[in-house]
Amino acid sequence: MYTWRDLPAAQQPEYPDQEALRRVIAELETFPPLVFAGECDNLRARMAAVAKGEAFLLQGGDCAETFDAVGAEQIRAKLKTLLQMGAVLTYAASVPVVKVGRIAGQYSKPRSKPTETRDGVTLPVYRGDSVNGFEFTEAARTPDPERLKRMYHASASTLNLVRAFTTGGYADLRQVHAWNQDFVKSSPSGQRYEQLAREIDNALNFMHACGADPEEFKTVEFYASHEALLLDYETALTRVDSRTGQLYDVSAHMVWIGERTRQLDHAHIEFASRIRNPIGIKLGPTTTAEEALQYIERLDPEREPGRLTFIVRMGADKIRDRLPELVEKVTASGATVAWVTDPMHGNTFEAASGHKTRRFDDVLDEVKGFFEVHKALGTHPGGIHVELTGDDVTECVGGGDEIFVDDLHQRYETACDPRLNRSQSLDLAFLVAEMYRDQ
Ligand code: PEP
Ligand code: CO
């Protein structure tokens, strides 16, 4: 059944103590599911609407979640940012928005090099809190399987709070102003949002006066996703669904396979092909149309809308050249995949200060290119996948409340890639809503 186990898998940690790893896996196998198979099916149905052009995906969160950041404030801030972006997109683009966090499980990172050298000392690279510690010491950097259990518990606490926030009244649309309260005066995007929130309020009051008070306004459907990178962990949380007898990865509603682990003959793609969750595949600039078609054969042989999402991350300078052929050939194959833009990972560079950063304008330009390609081909730009945080960090440059290269050091907190802060995230939502309207 676990057909991926004997295949090569890239980017897996080398645990010095294999016996300890086996003990942890056996324990993880006894832990309850974090999500239900039925919820994964619901998200697949939502993603089918995205694939068919009837809805838009908003997927966002940290590049790398950290155990230290599993706190009410930080989780709420992220959620608030996503809810605000969702409100902007829904209202300004008049499209149903499927909301999916990179949250409650995004603890593992693929890296370009296995080691890191500082001042002549070489240690294993940081691979995310699920594997080792960020601190540059031998003790911290040695992969520790106990961290897989911490990943599970951190995911469970996060998801618990997310579920409480999204169904317990906080996400009620009548709170649309409250999500912005601490933000309004300080930022141009906050002020723009406040205007939109007033319009939403007026519409709600009007509906209420007409006697309509729909249940849909009181809670938000929110899903969790992460990169399925650590196959030991994902396999331990892959279970047979008692209703259907099929396998589901119950660590998240949706998982994706990253750019560095999408080899067609390796374990990650085989794993993804065996589980029923909706699946994302990151497609970088070297992806060929033939590869895209093979992903469809492997992962979506039934041509089931919602099953497969291509998350395209080409870079602003390449998207307009590379994407059209992929979209054309995939469309011609008869598959209905969801096309989503990740405008972050192809636009990273190192600033003179040594900070890894991204320009807001490059991010925006890649999204624009993505929309242009779909407009020209008559296909649907299905959504955005972004790295963001609810905190006012200074990790990406630009945006309406402009952050300059010289500001980066002020609040650079990411454990991996630079994230959009709250203001930049809202700016992006407004701009994407305009693009969506104009397409
Ligand atoms: C990521 O999403 O954080 C990531 C590593 O992306 P990619 O696999 O596209 O490089
Ligand atoms: Co990243």
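Figure 1. An N or O atom in the side chain of Glu387 lies 3.0 Å from an oxygen atom of ligand 1. Of the 300 Å² of accessible area that ligand 1 has on its own, the protein covers 98%. The structure shown here and in the following views is a predicted model. Arg260 also approaches ligand 1 through its side chain, with a polar atom 3.1 Å from a ligand oxygen. The backbone takes part as well: a polar backbone atom of Glu259 is found 2.8 Å from an oxygen atom of ligand 1.

**Figure 2. Ala104, a residue with positive phi in a loop.** Ala104 is not a glycine, yet its phi is positive, at about 60°. The residue belongs to the loop that links strand S2 (97-102) to strand S3 (115-118). Ala104 counts as buried because its relative accessibility is 1%, which falls under the 20% limit.

**Figure 3. Asp119, a residue with positive phi in an exposed position.** Asp119, a residue other than glycine, has a positive phi near 45°. Its place is in the loop between S3 and strand S4 (121-124). With a relative accessibility of 83%, which is over the 50% limit, Asp119 is therefore classed as exposed.

Figure 4. His374 is part of helix H11, which spans residues 360-377. The side chains of His374 and Thr379 form a polar contact at 2.7 Å. His374 counts as buried because its relative accessibility is 0%.

**Figure 5. Leu148 in helix H5 and its separation from Val24.** Helix H5 (residues 146-167) contains Leu148. The relative accessible area of Leu148 is 0%, so the residue is classed as buried. Along the sequence, Leu148 and Val24 are 124 residues apart, while in space their C-alpha atoms are 7.5 Å apart.

**Figure 6. Val393 and its separation from Thr309.** Val393 is located in the loop between strand S14 (383-387) and helix H12 (422-438). Val393 is buried because its relative accessible area is 1%. A separation of 84 residues along the chain divides Val393 from Thr309, and their C-alpha atoms are 30 Å apart.

**Figure 7. Glu73 in helix H3 and its separation from Phe404.** Glu73 lies in helix H3, formed by residues 72-93. At 52% relative accessibility, Glu73 is over the 50% limit and therefore counts as exposed. Between Glu73 and Phe404 there are 26 Å from C-alpha to C-alpha, with the two residues 331 residues apart along the chain.

How values were computed: Residues are numbered from 1 along each chain as its sequence is written. Chains are lettered from A and ligands numbered from 1 in the order in which they are written. This is a predicted model: local features need pLDDT of at least 70, side-chain atom pairs count only at pLDDT 80 or more; totals for chains, interfaces and linings use all residues. Side-chain values use heavy atoms; hydrogens and water are left out. A polar contact is a pair of N or O atoms within 3.5 Å; within protein, one must be able to donate a hydrogen and the other to accept it, and residues adjacent in sequence count only if both atoms are side-chain atoms. Accessible areas come from the Shrake-Rupley method with a 1.4 Å probe; for residues, only the protein chains shown count as cover. Helices (H or I, at least four residues) and strands (E, at least two) are DSSP runs, numbered from the N terminus. Buried means under 20% relative accessible area, exposed over 50%, partly exposed in between (1.4 Å probe, protein chains only).
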